[in-house]
Amino acid sequence: AALDGSGVSIADVGGKAAGLDHLASCGFPIPSSYVITVEAYQRSVARAGLSPWLANLAMRPAPEPHDIRAEVDEIEEAFRTVVLEADLRREIETAAAKLLAHGRVAVRSSATAEDLGVASFAGQYRTFTRIDGIDDVIDAVKRCWASLWLPAAREYRLRHNVASRGLAMAVVLQSMVEADWSGVGFTIDPASDRPAMRVEMVPGLGEALVSGHVTPVDFSIRRDTLEITSSDPGAQPLRMIEDLARMMLQVETRLD
């Protein structure tokens, strides 16, 4: 289904996809996007006979550090061998072909347990970028499904008392944006008691920020005057931050 602002629910498409659709409904710019629904995940898991194994996996303790890679491989291989229903495969191929006609594709997880009040799940589920083939898109979809059950995600749910029963994973297919800078913005700075917004940015794609491999450039923006201060006053994206801050305030107002 296209994420075009026509209205979807978290139960059907997960948190990320529902948020993108809501932004589109308010007129905000999002990349061309399609979603593979929660129902498609559930049907595929049931058809492949994975449900009992996943129920046992949910109860399995976290592996020792030296065993994590082997367990990740085990889970990903179980999902990569899933044979998709013919109709579902055609739908994915059709959506992927439309996006690939204009460039490369990003494939992003959209879980039903995501961006909760008690847990953000940032970086726990998989995203695949710069994909340029339909078969690779399908493989990435399956690996997004698998990421719902990887050791780090299970451990994160355990720490935040998020039940595994009933969890499901939708997947977003998006036109790839080759960004000069990427990051995350907060309309309320979680690290300040001032009336300020916060933006953290890294050069290139956002994967380096989510993974923690690169220290981001921090920007603090006053909500009333849009005065900007930065951890790196000479940072190149300083010129775009005011425009970004204005859009963040518009999003806050529309989604409040």
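**Helix packing and cores in a predicted model**

I would like to start with a pair of helices, α4 and α6, which are oblique to each other, oblique being the class left over once angles under 35 degrees are called roughly parallel, angles over 145 roughly antiparallel and angles from 65 to 115 roughly perpendicular. Helices here are DSSP runs of H or I with at least four residues, strands are runs of E with at least two, and both are numbered from the N terminus.

What we are looking at is a predicted model, in which local features need pLDDT of at least 70 and side-chain atom pairs count only at pLDDT 80 or more, while totals for chains, interfaces and linings use all residues. Residues are numbered from 1 along each chain as its sequence is written, and side-chain values use heavy atoms, with hydrogens and water left out.

Coming back to the pair, α4 and α6 pack at an angle of about 130°, with their axes 8 Å apart; the axes are lines fitted to C-alpha atoms, for helices over the stretch in contact, and the angles run from 0 to 180 degrees between N-to-C directions. Their crossing is right-handed, a label used when the near helix is turned clockwise from the far one by less than a right angle, with anticlockwise giving left-handed. On the α4 side we find Ile 75, Glu 76, Phe 79 and Arg 80, and these meet Asp 139, Lys 142, Arg 143, Trp 145 and Ala 146 of α6. By class, that contact has four nonpolar, no polar and five charged residues, where Ala, Val, Leu, Ile, Met, Phe, Trp, Tyr, Cys and Pro count as nonpolar, Asp, Glu, Lys and Arg as charged, and the others, Gly among them, as polar.

Leaving aside neighbours within four places in sequence, Glu 76 is in contact with Arg 126, Arg 143, Ala 146 and Leu 150, contact meaning heavy atoms within 4.5 Å. Glu 71, also found in helix α4, is buried as well, at a relative accessible area of 7%, and, not counting residues up to four places away in sequence, it touches Leu 57, Arg 60, Pro 63, Pro 151 and Arg 154.

Glu 71 leads us to the next pair. The axes of α3, residues 51–59, and α4 come within 12 Å and cross at roughly 160°, so these two helices are roughly antiparallel to each other, and α3 passes α4 in a left-handed crossing. Trp 53, Leu 54 and Leu 57 of α3 make this contact with Glu 71, Glu 74, Ile 75, Ala 78 and Phe 79 of α4, a set that divides into six nonpolar, no polar and two charged.

Which residues have the most contacts inside the largest nonpolar core? They are Tyr 41, Phe 79, Val 107, Trp 145 and Leu 173, in a core of 50 residues. Helix α6, residues 134–147, gives the most to this core, with seven residues. Apart from it lies another core, of 11 residues, including Phe 219 and Ile 241. A nonpolar core here is a set of buried Ala, Val, Leu, Ile, Met, Phe, Trp, Tyr and Cys residues joined through side-chain atoms within 4.5 Å.

I will finish with backbone angles. Most residues other than glycine have a negative phi. Arg 130, in strand β3, has a positive phi of about 60° and is partly exposed, with a relative accessible area of 41%. Leu 226, in the loop between β7 and β8, has a phi near 60°, and counts as buried at 10% relative accessibility.

Terms used
Buried < 20%, exposed > 50% of the residue type's maximum accessible area, 1.4 Å probe, protein only.
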